[in-house]
Amino acid sequence: MLHIAPRLNRIKPSPSSMAGQRARELRAMGRDILGLTAGEPDFETPGHIKEAAIRAMADGQTRYTDVGGTPVLKEAIAGKFLNENGLAYTPGEIIVGTGAKQVIFNALMCTVAAGDEVIVPAPYWVSYPDIALLAGGVPVFVDCPAASGFKLQPADLERAITGKTRWLMLNSPNNPSGATYTRAELQALAEVLRRHPQVWVLTDDIYEHLIYGDVEFATMAQIAPDLKDRTLTVNGVSKAYAMTGWRIGYGAGPSALVKAMVKLQSQSTSGPNSIAQAAAVAALTGPQDTIASNQREYEKRRDMVVASLNAIDGIHCAAPDGAFYIFASCSALFGLRTRTGVAIESSDDWVMHLLDSQDLAALQGSAYGVPTHFRISFAASTEQLLEGCRRIARARDELTGQAINQELQ
């Protein structure tokens with residue numbers, strides 16, 4: 001009999017990955033599934049990046065690379081941090097991984113011991129708690145409701161910190177809410193962290209270039225230089241350059257931490273894909289015009305979807321400052337029933353109703369620590385988004401009964 005290690009029982013499959021897989025399975029069965037779950041741009045990888053990959057293959061760049069990334073890519077990453085964020089890093093303070101997720105995984109596996117606590121503001125990206133659990137740690141969830149813009153408040157952070165706290169996870173712009181911390185908000189959190197020198201900060205900046213209006217991006221090591229020696233800044237090329245499948249992420253932080261992460265990576269995946277690394281160099285050092293054009297298109301889609309959803313009785317959402325997700329409240333629908341008599345009591349019930357009645361795949365907010373909301377991605381065509389909103393409206397119209405009186409969160 002196969003014996004599965006007990007550590008695997010601490011975690012669950014990624015809800016977003018499973019939702020995508022379920023949608024593909026239903027399509028294969030002949031269902032007209034409209035999937036609005038994907039956390040990836042619907043744009044093509046820019047041509048000059050693809051051409052760089054082709055050149056790399058033609059030039060024989062098809063062999064193993066240094067475990068922590070090629071020198072030329074590290075140089076490009078250092079240039080990005082310096083030019084865009086005002087952060088100076090040496091090659092020994094940079095690691096390249098097979099996606100930003102691996103960089104985060106490496107960091108927690110290298111630093112979290114049994115019983116150590118990792119503060120995870122909710123809503124959160126689905127993988128943070130499970131990576132902490134797999135490392136033997138304890139995720140400590142801090143509720144960040146819509147009333148506070150889905151952002152961690154300094155007083156709440158202070159209350160969550162104990163002698164066992166090792167990390168604070170900060171994701172800005174946030175998946176799923178799109179909440180983006182201002183410089184002043186980060187400075188207020190930094191004031192708390194200065195009182196607790198045992199707490200490190202992991203800033204997941206993967207949506208850095210997807211912000212809207214007059215919002216300005218800032219990151220912790222930039223606005224609090226005195227915390228740089230206990231901050232790991234994580235980023236990647238997936239979202240900004242439409243390179244999700246290329247699987248290149250990177251992190252920068254203290255050399256001792258990076259050295260440990262490289263050691264761990266040497267016994268897992270070793271160096272990232274050599275061709276994808278060459279493409280990432282082209283992404284970071286080549287023309288940046290597609291970022292702005294994609295951003296403008298996302299903003300149009302955002303405004304359209306927010307207006308359409310807010311026109312539906314019982315659905316409420318604010319326009320996100322960043323990323324490409326709408327995190328909408330469905331709590332006003334709780335207590336209503338479907339045509340088959342099933343009660344809507346959580347976001348899980350609502351997204352199942354969307355799938356069963358309208359062939360629309362969305363993600364339940366419970367996967368992100370907020371069971372009153374659901375997430376849809378606007379990284380899809382205008383036609384798909386309009387159709388998705390029509391299906392959500394039809395799903396709402398099918399519900400009957402008396403709603404539970406709840407405040408929108």
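Which residue stands opposite Phe 327 in β12? I will come back to that pair in a moment, after a word on the model. This is a predicted model, in which local features need pLDDT of at least 70 and side-chain atom pairs count only at pLDDT 80 or more, while totals for chains, interfaces and linings use all residues. Residues are numbered from 1 along each chain as its sequence is written, and side-chain values use heavy atoms, with hydrogens and water left out.

Let me start with the sheet that holds the opening pair. The answer is Arg 375, which stands opposite Phe 327, and the two strands concerned, β9 and β12 (residues 373–377), run antiparallel and are joined by five bridges. Strands here are DSSP runs of E with at least two residues, and helices are runs of H or I with at least four, numbered from the N terminus; two strands pair if DSSP finds at least two bridges between them. The open sheet has three strands in the order β9-β12-β11, with antiparallel pairing. Because β9 (325–329) and β11 (363–364) each have a single partner strand, they stand at the edges, and one side of each is left without a neighbour in the sheet. Helix α11 (residues 289–310) lies across β9 and β12, running at about 15° to β9; for such angles, axes are lines fitted to C-alpha atoms, for helices over the stretch in contact, and the angles run from 0 to 180 degrees between N-to-C directions.

Now to the other sheet, which is open, has seven strands in the order β2-β8-β7-β6-β5-β3-β4, and shows mixed pairing. Its edges are β2 (94–97) and β4 (138–143), each with a single partner strand, so one side of each is left without a neighbour in the sheet, and the twist averages 20° from one strand to the next. Strand β3 (residues 117–122) runs parallel to β4 through six bridges, with Ala 122 having Asp 143 of β4 as its bridge partner. Strand β5 (residues 165–171) is likewise parallel to β6, joined by five bridges, and Met 169 stands opposite Leu 202 in β6. In β6 (residues 200–204), four of the five residues are buried, where buried means under 20% relative accessible area, exposed over 50%, and partly exposed in between, using a 1.4 Å probe and protein chains only.

Within strand β7 (residues 231–236) we find Asn 235, which counts as buried because its relative accessibility is 3%. The side chain of Asn 235 reaches the backbone oxygen of Asp 205 at 3.3 Å. Leaving aside residues up to four places away in sequence, Asn 235 touches several others, among them Lys 80, Ala 100 and Tyr 250, a contact being heavy atoms within 4.5 Å.

How are helices α4 and α9 placed relative to each other? Helix α4 (residues 100–111) and helix α9 (residues 255–266) pack at about 105°, with axes 9 Å apart, and they are therefore roughly perpendicular, a label that covers 65 to 115 degrees, with under 35 roughly parallel, over 145 roughly antiparallel and the rest oblique. The residues making this contact include Cys 110 of α4 and Met 261 of α9.

Cys 110 is partly exposed, at 29% relative accessible area. Finally, the structure holds zero disulfides, a disulfide being a pair of cysteine sulfur atoms within 2.5 Å. The sulfur of Cys 389 is 8.6 Å from the closest cysteine sulfur, in Cys 317, which is too far for a bond, and Cys 389 counts as buried at 7% relative accessibility.

Methods
Polar contact = N/O pair within 3.5 Å; in protein donor to acceptor, adjacent residues only side chain to side chain.
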